[in-house]
Amino acid sequence: MASVWWPCLILALLSGLAASGFPRSPFQLLGKRSLPEGVADGIEVYSTKINSKVTSRFAHNVVTTRAVNRADTAKEASFDVELPKTAFITNFTLTIDGVTYPGNVKEKEVAKKQYEKAVSQGKTAGLVKASGRKLEKFTVSVNVAAGSKVTFELTYEELLKRHKGKYEMYLKVQPKQLVKHFKIDVDIFEPQGISMLDAEASFITNDLLGSALTKSFSGKKGHVSFKPSLDQQRSCPTCTDSLLNGDFTITYDVNRESPGNVQIVNGYFVHFFAPQGLPVVPKNVAFVIDISGSMAGRKLEQTKEALLRILEDMKEEDYLNFILFSGDVSTWKERLVQATPENLQEARMFVKSMEDKGMTNINDGLLRGISMLNKAREEHRVPERSTSIVIMLTDGDANVGESRPEKIQENVRNAIGGKFPLYNLGFGNNLNYNFLENMALENHGFARRIYEDSDADLQLQGFYEEVANPLLTGVEMEYPENAILGLTQNTYQHFYDGSEIVVAGRLVGEDVNSFKADVKGHGMDFQVEVTTEKITLWNRAVPSTFSWLDTVTVTQDGLSMMINRKKNMVVSFGDGVTFVVVLHQVWKKHPVHRDFLGFYVVDSHRMSAQTHGLLGQFFQPFDFKVSDIRPGSDPTKPDATLVVKNHQLTVTRGSQKDYRKDASIGTKVVCWFVHNNGEGLIDGVHTDYIVPNLF
């Protein structure tokens, strides 16, 4: 999908109601009172509910927290919600003693200015800020009169991404006190059907989780509920503090009868594409690593640990090199080398020997790695069927050589020329992450921040696993130009194993039946098995199955296969021959006729003279003569004599249908029919061309 803008949120209360000026509730109790369990600084949060509705990977989440001021004086109540960084807020309301105050959602820069202004005027306002690796935090505080109740309700939405074969939904759980009514309720609806569903919590043992958690799925629907009792929330049997502090994660996947699925609702379409069973495309990787002085110590050690693990995952058909930059640039090898066992062992020794030194020359390091990949391709040192990748890791800003971010971006963009992606990893917080992100995005990659925690090496390895298995390159999702408006991103450098490409757009007109989606990509070596029910592509020994309801195009090294929904399948070999398999469908209840396939060859003269088979033996010109046309047994179908291959045969005039242009009606073609199963015309006898099983 296209990048999602990250709004922040401003809550401006009705005029005259400053943060400290709420009226005292008429239900206020005077004098000292004993506070019940679960009260923090006079504020009792007695209900927290997270309701999520997921439909076709799109999550609509409502977080509702209810609190009451049990103290004798006004107290401040805070509302914190941590949201996925890919989510966006759509609504926020604050209700005090039955009066609701709506919030206004603003884009980030506008929101920040209005937030500062609102706070300076004593108004209640909330702002979203970064919080950890995957989350953003929304925080708002309000002054609550003694005895008053307050309800916070936040609505946010998110497109769930597929990661390592599963859709992931993160819900941060952090009530900070025991909550009498705490519940997470998630309903999932997937038109393709749900194939698996799971849920886990990082803050609770499986034994306790099992009694508080219910999960189920059947067909298109799934449900997850997490409802811990007060005792299950306690950090220990006699404790009054909560152990609910961490991630509640839901994962699921859908059934895939075919690689693509198009859903059309209310004039809009969403196209999901996630082929399975394809072979991994070999990759050529330039690792561009910062070894400047700031990488000294734990950072460099964790980088080494991650690279050693990554080397374990390299496949022998891959190629690699290490480019190290500090004040200058050095390389492990002069050019890319194959990941043979001997080279990998030498690479491990090189990684272990890396030492920090000097300044940070990002520009020259990247350009050296890019040049190395370009040269390897130009000199045919890497497989033709392979893909190139640059992975750059740094912990700081450029401070030697070309140090202007915009100039570095220009240099890198010109050097790559759109041929392969750049992935940038920013180690820690002391760097210009926006620069790394922008440079990666404009070169068809992405950036990741690596946090300086004890598991930084695992973070690095986890990133690599995302890009380690490209299945397709040069993926294009094509749609009829006159049928759509407002299309999201529809071209991708790579499709990686376990992920999913999602394209959305608006349809023009109401004829949804004529809408079709074409997918083109490189990276498949295949054999094709076609029946009236399905089409199977065999990649080595791995099958991918399509139905005649799909519209798919797959290309690789001059070979392409295109399925046209309910019509035909076309297989072409570059500028050479094209085969067309036409699907003929008949009335399902017909007593005799059944669906059948028609096989046609276009430009058969391009086939080799050595081609043979029931059809192939006729691809090249041969001598024949038809004479002695005479009445046959059927007055409408004359007989004649055919002389061919030193045989004299009796043939009968008739007609046949050519369905290449019109699969329903066809075009009438006049021809001569050979009797006795083609005896005398074909080489050998007809039984020579019949096999019991093709696969």
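Figure 1. Helix α7 has 12 residues and reaches 16 Å from its first C-alpha to its last, close to the 16 Å expected at 1.5 Å a residue, where the expected span of a helix is 1.5 Å times one less than its number of residues. Helices (H or I, at least four residues) and strands (E, at least two) are DSSP runs, numbered from the N terminus. The chain is shown as a predicted model, in which local features need pLDDT of at least 70 and side-chain atom pairs count only at pLDDT 80 or more, whereas totals for chains, interfaces and linings use all residues. Residues are numbered from 1 along each chain as its sequence is written, and side-chain values use heavy atoms, with hydrogens and water left out. The buried residues of α7 are I408, Q409, V412 and I416; buried means under 20% relative accessible area, exposed over 50%, and partly exposed in between, with a 1.4 Å probe and protein chains only. Seen down the axis of α7, these buried residues fall within an arc of 100°, so they line one face of the helix, the arc being that of the directions from the helix axis to the C-beta atoms. On the other side of α7, E406 and N414 are exposed. The buried residues of α7 pack against α6, β26 and α8 (433–441), with contact meaning heavy atoms within 4.5 Å. Just after α7, G417 takes a positive phi of about 60°.

**Figure 2. The packing of helix α6 with helix α7.** Helix α6 (residues 362–378) and helix α7 (residues 405–416) pack at an angle of about 5°, and their axes are 10 Å apart. Axes are lines fitted to C-alpha atoms, for helices over the stretch in contact, and angles run from 0 to 180 degrees between N-to-C directions. The helices α6 and α7 are therefore roughly parallel to each other, given that angles under 35 degrees count as roughly parallel, over 145 as roughly antiparallel, 65 to 115 as roughly perpendicular and the rest as oblique. From α6, the residues N363, L366, L367, I370 and N374 make the contact, and from α7 they are I408, N411, V412, A415 and I416. By class, the contact of α6 with α7 has 7 nonpolar, 3 polar and no charged residues; Ala, Val, Leu, Ile, Met, Phe, Trp, Tyr, Cys and Pro count as nonpolar, Asp, Glu, Lys and Arg as charged, and the others, Gly among them, as polar.

Figure 3. At 1.5 Å a residue, the 16 residues of helix α4 (residues 298–313) should span 22 Å, and its end C-alpha atoms are 23 Å apart, which agrees. The buried residues of α4 are K299, L300, Q302, T303, K304, A306, L307, I310 and L311, and what covers them includes β21 (283–290), β22 (319–325), α5 (341–352), β25 (387–394), β26 (422–427) and α9 (456–467). The angle between α4 and α5 is about 175°, with their axes 10 Å apart, and the two helices are therefore roughly antiparallel to each other. In this contact, K304, L307, L308, L311 and E312 of α4 meet L344, A347, R348, V351 and K352 of α5. By class, the contact of α4 with α5 has 6 nonpolar, no polar and 4 charged residues.

Figure 4. Residue N568 is placed in strand β38 (residues 568–573) and, at 13% relative accessibility, counts as buried. Not counting residues up to four places away in sequence, N568 touches W548, M562, I563, V580, V581, V582 and L583. From C-alpha to C-alpha, N568 and F599 are 9.8 Å apart in space and 31 residues apart in sequence. Residue F92 lies in strand β6 (residues 88–96) and, at 0% relative accessibility, also counts as buried. The C-alpha atoms of F92 and L154 are separated by 4.5 Å, although these residues are 62 residues apart along the chain.

Figure 5. Phi of N266 is near 50°, a positive value in a residue other than glycine. Residue N266 lies in the loop between β19 (260–265) and β20 (268–273) and is exposed, with a relative accessible area of 72%. Residue N677, which is not a glycine, has a positive phi of about 55°; it is found in the segment after β44 (667–674) and, at 52% relative accessibility, counts as exposed.
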